[in-house]
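Please look through the structure below before reading on.

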Amino acid sequence: MLYWVMKYVLLGPLIKLWCRPKVEGAHHVPESGGAILVSNHLAVADSFLMPLMLPRRVTFLAKREYFTGKGITGALKRTFFSGVGQVPIDRSSGAAAQAALDTGIRLLREGRLLGVYPEGTRSPDGRLYKGKTGVARMALEADVPVIPVVTIGTEKVNPLGSKIWRPYSVRVRVGEPLDFSRYEGLAGDRFAERSITDEIMYSLMELSGQEYVDIYADRAKDDIAERGRVISKRERQAAKQAEKRVPDSKAG
């Protein structure tokens with residue numbers, strides 16, 4: 001009940017007023033039964049705009065930290081994230097990752113519509129990055145359709161590091177379901193799962209128009225942070241050298 005209240009009464013109308021979202025291809029989402037919505041991930045706003053524009057409830061697997069806060073603030077966060085359709089998972093280890101996959105498969109077998117970001121994290125620079133194969137494993141194990149969805153413009157609404165959303169017109173584009181029936185019975189085959197995941201990322205690239213980069217987004221974030229540290233170090237060294245080149249002077 002809270003999900004629908006948030007969507008149609010408390011939060012949804014405000015987001016629609018602020019972001020003026022438009023949707024294309026919503027008819028590709030099945031009216032019932034389990035399915036995976038695979039999406040690009042440019043901003044936190046994606047998890048609000050995409051479900052808002054689809055008629056069915058969308059469930060996301062969210063990091064456990066959103067649900068473990070203490071006090072009134074922690075309680076409010078738990079209520080909010082539960083209300084917008086997110087389910088807590090632990091992503092801290094290999095065993096936790098398997099547990100997260102098992103949770104996703106269970107939800108799909110229950111007939112849920114599961115939202116998944118194959119990149120695993122937000123894009124650090126607006127490009128589309130290599131997908132992780134967990135989405136392929138869930139699709140094969142649960143035997144459900146995979147539907148590509150892209151949000152366009154959310155990085156303008158909610159740039160990395162921003163706390164306040166900015167007004168900007170957003171588009172949600174839904175593609176045709178992807179057919180992976182030729183991989184039936186190959187759950188656990190890493191070559192099959194990589195092929196499926198690459199096909200998913202190609203469909204997202206076509207729908208979004210984003211540039212594709214064949215490395216993982218978390219690796220790209222580390223590289224960007226490392227380059228920033230190197231540049232900062234060089235800038236400090238250059239400043240020191242410049243100070244040495246300036247001759248001492250006295251007024252008078």
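How many salt bridges does the structure hold? There are eleven salt bridges, a salt bridge being a side-chain nitrogen of Lys or Arg within 4 Å of a carboxyl oxygen of Asp or Glu. Side chains of opposite charge can pair when their charged atoms come close.

This is a predicted model, in which local features need pLDDT of at least 70 and side-chain atom pairs count only at pLDDT 80 or more, while totals for chains, interfaces and linings use all residues. Residues are numbered from 1 along each chain as its sequence is written, and side-chain values use heavy atoms, with hydrogens and water left out.

The chain has nine helices and nine strands; helices (H or I, at least four residues) and strands (E, at least two) are DSSP runs, numbered from the N terminus. Of its 252 residues, 42% are buried. Buried means under 20% relative accessible area, exposed means over 50%, and partly exposed lies in between (1.4 Å probe, protein chains only).

One of the salt bridges joins E24 and R171, whose closest N and O atoms are 3.9 Å apart. This pair links distant parts of the chain, with E24 in strand β1 (residues 22–24) and R171 in strand β8 (residues 171–174), 147 residues apart. E24 is partly exposed at 35% relative accessibility, and R171 is partly exposed at 35%. E24, R171 and R173 are linked in a network of salt bridges. Another salt bridge, between D223 and R219, has an N to O distance of 3.3 Å. D223 and R219 lie four residues apart in helix α9 (residues 217–245), about one turn of the helix.

Next comes the interior. A nonpolar core is a set of buried Ala, Val, Leu, Ile, Met, Phe, Trp, Tyr and Cys residues joined through side-chain atoms within 4.5 Å. The largest nonpolar core has 29 residues, and I36, L108, M138, V146, F180, I196 and I200 have the most contacts inside it. Elements giving two or more residues to this core include β2 (35–39), α5 (94–109) and α8 (190–208). Apart from it lies another core, of 24 residues, among them L49, M53, V170 and V174.

Contact means heavy atoms within 4.5 Å. Not counting residues up to four places away in sequence, V146 touches I36, V38, A139, P177, L178, F180 and I200. A35 is found in strand β2 and is buried, with a relative accessible area of 0%. Leaving aside neighbours within four places in sequence, the contacts of A35 include P30, L108, L114 and I147.

The aromatic pairs come to four. Rings of Phe, Tyr and Trp (its six-membered ring) pair if their centres lie within 6.5 Å; planes under 30 degrees apart count as stacked, over 60 as edge-to-face and the rest as tilted. W4 and Y8 form a stacked pair, 6.1 Å centre to centre with 10° between the planes. Both lie in helix α1 (residues 2–10), four residues apart, and are therefore separated by about one helical turn. The rings of F60 and Y117 have centres 5.5 Å apart and planes at 15°, so this pair is stacked. F60 lies in strand β3 (residues 58–63) and Y117 in the loop between β5 and β6 (128–129), so the pair ties together parts that are 57 residues apart in sequence. F60 and Y117 are buried.
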